[in-house]
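Here are a few friendly notes to read alongside the model. Please keep the viewer open as you go through them.

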Amino acid sequence: MANDLIKDLNIHVGDRIGSVSGILMLPEDARLVCVLAHGAGAGMTHRFMERIATELAGRKIGTLRFQFPYMEAGRKSPDVPGKAVATVRRAVNAATEHAPGLPLIAGGKSFGGRMTSTAASTEPLPNVKGLVFFGFPLHAPNRPGNQRAAHLYDVGVPMLFLQGTRDALAKLDLLKPVCEELGKKTILHIVEGGDHSFNVPKRSGRTNDEVMTELANQTDHWSAKF
């Protein structure tokens, strides 16, 4: 960590949207950068976001975290998809600008991951070799369905789904068939006991810190081919 570059960014999304904040964490020997979007209820400095960025840095994976406009403005309601997608695209461009020459992966926590895949489904994200989802929100709580997966079939890069067995926003009996249909480029890694935030019960015999290590290790192993 002593030799990591940590830089605050101002990312201009567009004249009508304005700018959002970002944080670049770049290990001295980074081999790629993950553009990491936050979930609907918490911003880029949430403990989960900070912890996964630190874990990935220890594996030579830099991160660029960023705020969506609604979070930047202090609002609670997430942005409409068009605005969120524009922000994802600009964050991806910023990662290339600040870490030239390094390949990218992109994704995020829950809503952030879904908006990233929505962006990638409409037009490829420049330099992005794959997408990683830290808890894909397949459906709303207690409203099981797979309609939110429809756009995933238009994504042209490999995808890694990291999903807890207790995730109330993704019943595994619905997510597994989707991942199978998406083909060999899609990997589903199941985190035993994890909820949507990847917290595990004490009876599991595991700690939340151990789960964070598992998430980072899986991301590291999957992204090694890029």
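The points below cover the basis of the model, its sheet, a helix and one glutamate.

1. This is a predicted model, in which local features need pLDDT of at least 70, side-chain atom pairs count only at pLDDT 80 or more, and totals for chains, interfaces and linings use all residues. Residues are numbered from 1 along each chain as its sequence is written, and side-chain values use heavy atoms, leaving out hydrogens and water.

2. An open sheet of 8 strands has the order S1-S2-S4-S3-S5-S6-S7-S8, with mixed pairing. Strands (E, at least two residues) and helices (H or I, at least four) are DSSP runs numbered from the N terminus, and two strands pair if DSSP finds at least two bridges between them. S1 (5-14) and S8 (186-191) are at the edges with a single partner strand each, so one side of each has no neighbour in the sheet.

3. S3 (residues 32-37) and S5 (residues 104-109) run parallel, joined by 5 bridges. Within S5, isoleucine 105 is the bridge partner of cysteine 34.

4. Which helix lies across S3, S5 and S6 (128-134)? That is H4 (residues 111-122), at about 135° to S5. Such angles run from 0 to 180 degrees between N-to-C directions, with axes fitted to C-alpha atoms, for helices over the stretch in contact (heavy atoms within 4.5 Å).

5. Glutamate 214 belongs to helix H6 (residues 208-223). Is glutamate 214 buried or exposed? Its relative accessible area is 16%, so it counts as buried (under 20%; exposed is over 50%, partly exposed in between, with a 1.4 Å probe and protein chains only). Leaving aside neighbours within four places in sequence, glutamate 214 is in contact with His189, Ile190, Val191 and Arg206.
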